[in-house]
Amino acid sequence: MYAARDLADRIFRYQLTATGVAVLAVMAAVGLFLLLRAGQALRAKGLLGFLTTAAWQPDVHNFGIAAVLTGTLLIAAVAVTISVPLAVATALFISDVAPRGLRRTLVTMVDLMAAVPSVVYGLWGLFFLQQHVIGLSRWLSTWLGWIPLFAVDGTRPDDPLASDSVYTASTFVAGIVVALMVAPIQCSVMREVFAQAPAGEREGAYALGATRWGMIRAVVLPYGKGGIIGGTMLGLGRALGETIAVYLIISPVFVIQPHILQTGSNSVSSLIALHYGDASTFGMSALMAAGLALFLLTLAVNFTASTVVARSRSGAQSEA
């Protein structure tokens with residue numbers, strides 16, 4: 001019996017090892033493919049020029065990802081800033097506050113939100129959300145316009161007759177839509193971790209006189225630290241690569257645009273979607289170079305997340 005169990009364990013271990021090696025091989029193959037296809041453009045422009053040029057005119061060898069990479073990072077930053085508090089609060093409500101009979105319904109609703117196609121989010125953001133966010137954008141630029149991030153060029157926020165078009169198709173609108181797309185994924189990861197907080201420590205916190213919030217702060221949040229970080233980074237990776245929703249909302253500009261409330265933005269994924277169909281041979285190589293940059297950026301985010309989660313394992317530190 002023990003020999004059969006040992007054999008089954010070895011087979012299972014070999015299968016896991018083969019699966020891990022296959023995943024790494026596929027990632028390496030994708031990276032090698034992008035590198036080979038991007039070689040022509042990178043040799044013509046040079047790595048430094050490719051990273052520091054904002055324009056995108058590959059047919060005249062005037063191209064780079066400075067503008068689109070900046071837009072990608074800003075959209076992802078806005079999305080994560082909005083989605084993480086929403087995901088944490090929702091996950092805590094489902095795992096520790098909601099009545100037992102309501103939890104299954106809420107879990108199903110969150111999972112269904114994660115399954116909605118991105119084009120649906122993009123259309124909803126374009127035709128519904130954007131017109132309702134303009135007022136918030138105007139308010140932010142009025143009271144926080146002294147901060148460069150919230151400034152809007154060419155308008156006076158306190159002028160009631162000012163055109164609203166300067167606030168449309170912005171990084172802020174795209175970031176909100178992407179936030180609503182990644183929040184369900186983050187919430188699912190965090191909820192699973194929060195639900196695994198030891199029942200004994202929860203009860204011990206209550207026995208010591210803690211309120212529900214005190215128990216959450218002393219037991220659940222420290223235990224779920226790794227889940228919070230992992231969910232956040234997973235959502236960030238998704239936000240960096242989101243294509244269709246961002247493509248539908250933004251108005252592409254090829255200048256470094258640091259004002260998130262102002263019309264005009266860009267991202268690497270939407271750049272590829274916009275120019276893939278009409279790109280020349282050299283232009284396709286330039287798009288592959290942009291895809292390679294996004295691929296490396298996503299890998300860096302994921303490896304950073306893995307390192308942070310490994311150093312803060314859920315349940316390793318609990319104050320109760």
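The model is predicted, so to speak of local features a pLDDT of at least 70 is needed, side-chain atom pairs count only at pLDDT 80 or more, and totals for chains, interfaces and linings use all residues. Residues are numbered from 1 along each chain as its sequence is written, and side-chain values use heavy atoms, with hydrogens and water left out.

There are twelve helices and two strands here, counting DSSP runs of H or I with at least four residues as helices and E runs of at least two as strands. Along the sequence they come as α-α-β-β-α-α-α-α-α-α-α-α-α-α. Of the contacts (heavy atoms within 4.5 Å) between residues at least 6 apart in sequence, 75% join residues at least 24 apart.

Some totals for the protein:

| Item | Value |
|---|---|
| C-alpha box along the principal axes | roughly 70 × 60 × 30 Å |

On charges, 19 side chains are positive and 15 negative, with the centres of the two sets 8 Å apart. Lys and Arg are the positive ones, Asp and Glu the negative ones, while His and the chain ends are not counted.

What about the inside? A search of the whole structure turns up one cavity of 30 Å³ or more, a cavity being a set of 1 Å grid points where a 1.4 Å probe fits but cannot get out. The largest cavity has a volume of about 40 Å³, that is, the space filled by probe spheres set on the points. Its lining residues (an atom within 4 Å of a point) include A67, G71, T171, V253 and N266.

Definitions and conventions: Charge placed at Lys NZ, Arg CZ, Asp CG, Glu CD. 1 Å grid on protein atoms, 1.4 Å probe; cavity = no way out; pocket = protein on both sides within 12 Å on 5 of 7 lines; lining within 4 Å.
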